[in-house]
Each structure stands twice: as structure tokens, then as C-alpha cells.
Amino acid sequence: MKNTKAIKLLNKLIDEVEQNGIITNTIVEDLQNLRPYAVEENRPLLAKTIRLVFEHIEAYQTFDIPIPEEEPIEGYEELLEEEEETTFVPAESLLYLLNLIAEPENKTNRLDLRSYVEALQEYAEEN
């Protein structure tokens with residue numbers, strides 16, 4: 001995001017989640033305020049991601065979407081399996097997502113953002 005107000009709001013969101021975890025009311029409101037900046041900057045992936053995230057948090061009072069899985073690198077599959085055994089923490093996943101939104105030009109970040117969109121849509125269909 002390029003707008004200074006959007007950057008400040010996104011940094012505020014990141015700080016809040018780092019310090020306090022997921023406080024649904026403030027996060028939903030801040031995400032709702034952030035989305036118009038993504039629309040204004042003609043960033044449909046960001047706008048959709050932000051909308052799906054605040055709708056998810058509003059509906060379920062948490063962020064039940066895990067960080068997207070990494071593709072295994074040949075010869076390092078065992079390390080990836082060990083990492084998968086860690087406990088899912090909603091605030092960490094949301095924090096990861098917010099940091100992806102902060103750097104949407106990165107190709108890997110765009111792929112992870114798309115993975116989040118798919119996971120959010122699947123979760124909504126199943127629940």
C-alpha cells in the first residue's frame with residue numbers, strides 16, 4: 001500500500017495484534033477502514049483479502065485460518081514435517097497475513113495472499 005494513512009493504519013493493526021492478540025471489535029473496524037485504500041489503489045487482491053478477513057473475524061470472533069503451508073524443497077521434506085507439528089495460533093496467522101498485505105508486490109506474498117483467500121472461502125463454505 002502506498003497511501004500514508006493506509007500504511008499507518010496497517011502498522012497500527014500489526015502493533016495491536018503483536019501486543020494484544022486478536023481483539024475483534026478494533027481489528028474489524030480497522031480492517032474495514034483499511035479496505036477503501038486498497039480499492040482506491042486498484043488492488044483487488046488486497047481489497048478482497050481484507051474484506052474476507054474482517055468478515056471472518058466478525059462472524060467467528062477469531063481468525064481460524066492457518067498460515068499457508070510451504071512447498072517442500074527436495075531433500076528438506078523432514079524439516080517441513082517437523083515445522084508442521086507446531087501449534088496453530090490464530091494471532092500469529094493474522095499477523096503473518098497483515099505483513100503480507102504490507103508488502104503485496106512480493107511474488108511470494110501474492111501467492112500466500114491467494115492461499116489465504118482460498119482458505120477463507122473454503123472455511124466460510126464449510127461453516
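Gln32 lies in helix α2, where helices (H or I, at least four residues) are DSSP runs numbered from the N terminus. The model is predicted, so local features need pLDDT of at least 70 and side-chain atom pairs count only at pLDDT 80 or more, while totals for chains, interfaces and linings use all residues. Residues are numbered from 1 along each chain as its sequence is written, and side-chain values use heavy atoms, with hydrogens and water left out.

With a relative accessibility of 35%, Gln32 counts as partly exposed, a class between buried (under 20% relative accessible area) and exposed (over 50%), for a 1.4 Å probe and protein chains only. Leaving aside residues up to four places away in sequence, Gln32 touches Phe54 and Glu58; contact here means heavy atoms within 4.5 Å. Glu55 is 23 residues from Gln32 in sequence, with a C-alpha to C-alpha separation of 9.3 Å.

Helix α2 (residues 24–40) packs on helix α3 (residues 44–60) at an angle of about 165°, and their axes are 9 Å apart. The two are therefore roughly antiparallel, the term for angles over 145 degrees. On the α2 side, the contact includes Gln32, Leu31 and Arg35, and on the α3 side Phe54, Ile57 and Glu58 are among the residues involved. By class, this contact has 12 nonpolar, two polar and three charged residues.

Elsewhere, Asn109 is found in helix α6 (residues 107–126). This asparagine, Asn109, counts as buried, at 13% relative accessibility. Its contacts, not counting residues up to four places away in sequence, are Asn99, Leu100 and Glu103.

Technical notes
Axes are lines fitted to C-alpha atoms, for helices over the stretch in contact, and angles run from 0 to 180 degrees between N-to-C directions. Angles under 35 degrees count as roughly parallel, over 145 as roughly antiparallel, 65 to 115 as roughly perpendicular and the rest as oblique. Ala, Val, Leu, Ile, Met, Phe, Trp, Tyr, Cys and Pro count as nonpolar, Asp, Glu, Lys and Arg as charged, and the others, Gly among them, as polar.
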